[in-house]
Amino acid sequence: MSTKTVTSLTNATVKAVRALHMRKEREESGLFLAEGLKIVIEAIDCGHAPKIVMYGPDAADHPMLKKAVAACLKAGGEVIEVNREILEKVSRRDNPQAVVAVFRQVFTPLTAIVPESAPCWVAMQAVRDPGNLGTVIRTADAAGCGGVILVGDCVDPYSVEGVRATMGSIFAVKIAKATIPEFLAWRETWPGSVVGTLLTATVDHKSADYVKPSLILMGNEQQGLPPELAAACDVNVKIPMRGRADSLNLSVATGIMIYTVTG
């Protein structure tokens, strides 16, 4: 393997990878950080070659590391062997993965989405928690959804925390983003049902008539859907609360809706 060894935290590549924890740096570079050899291999299998592969001594003899290194070098990337201290600093974890990699972000334009290519799509408006968004992306992947559309001011899906929560699904699911006006204009061409969730809705989520392809629209963790988005839905439904809790975690509620619609 054509690699080099780095032991200094002041190395330019190490500093650049560490900086990807900051949204500004991710947006300016168009890059993001993924952790773990399993996820790196999944990315490669999905057609995403790493631009940088950084691995520690624990991974040096792993048979799958050769695949990651080969894919990176073929794409003109950089491969570096580092010590545990660097991995801890890059991951900001005391128990870091033995392999981390840098990839280029991919966003699908709204105009490139083919609704009929999947039975269900998910749109998230102003989601704030990266763990919620990452879990939704993972659930959308598991259920065979076409992709996830980010509407308005959402958390970055390529944050380190968000990517961790996807467990590799960030490489398998189409991600799009749009302002609210852009989304509303695009929604007019949607061929199936656009489904919103509201606490004030009167239709039970299990009894609604969903026309495929369905587009599930979920609101912010605190405020839910704003009026202009709720009004744009063909049907608004509610998930009944039967205990003391008056609401569900956003990713849980989205998962329930995904499997209700696709089931």
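I began with the surface. The accessible surface of the protein comes to about 12300 Å², and carbon and sulfur atoms hold 51% of that. I note that the model is a predicted one.

Next I looked up burial. I find that 52% of the 263 residues count as buried.

Then I checked overall dimensions. The C-alpha atoms fill a box of roughly 60 × 40 × 30 Å along the principal axes. I compared the radius of gyration with the globule rule: a compact globule of 263 residues would have a value near 18 Å, and the protein has 20 Å, which agrees.

Charges came next. I count 27 positive and 27 negative side chains. The centres of the two sets lie 3 Å apart.

I turned to the fold. The secondary structure gives 10 helices and 12 strands. I also looked at contacts with a separation of 6 or more: residues 24 or more positions apart account for 79% of them.

How does the domain assignment divide the protein? I get domain 1 at 4-104 and domain 2 at 110-262. Their C-alpha centres are separated by 31 Å. Across the boundary, 16 residues of domain 1 are in contact with 12 residues of domain 2.

Just after α3, I see Gly-47 with a positive phi of about 95 degrees.

Last, I went through backbone exceptions. As background, most residues other than glycine have a negative phi, and most peptide bonds are trans.

I found a cis peptide bond between Lys-212 and Pro-213, with omega about 0 degrees. Pro-213 sits in the loop between β10 (203-204) and β11 (214-218).

Ala-126 has a positive phi of about 55 degrees, though it is not a glycine. I place Ala-126 in the loop between β6 (120-125) and α6 (130-143). Is Ala-126 buried or exposed? Its relative accessibility is 8%, so Ala-126 counts as buried, the cut-off being under 20%.

Met-167 lies in the loop between α7 (160-166) and β8 (174-178). I log Met-167 as partly exposed, because its relative accessible area is 45%.

Technical notes:
Residues are numbered from 1 along each chain as its sequence is written. This is a predicted model: local features need pLDDT of at least 70, side-chain atom pairs count only at pLDDT 80 or more; totals for chains, interfaces and linings use all residues. Side-chain values use heavy atoms; hydrogens and water are left out. Helices (H or I, at least four residues) and strands (E, at least two) are DSSP runs, numbered from the N terminus. The radius of gyration is taken over C-alpha atoms; the globule rule is 2.2 Å times the number of residues to the power 0.38. Buried means under 20% relative accessible area, exposed over 50%, partly exposed in between (1.4 Å probe, protein chains only). Contact means heavy atoms within 4.5 Å. Accessible areas come from the Shrake-Rupley method with a 1.4 Å probe; for residues, only the protein chains shown count as cover. Lys and Arg count as positive and Asp and Glu as negative; His and the chain ends are not counted. The place of a charge is taken as NZ of Lys, CZ of Arg, CG of Asp or CD of Glu. Domain bounds come from an automatic or database domain assignment.
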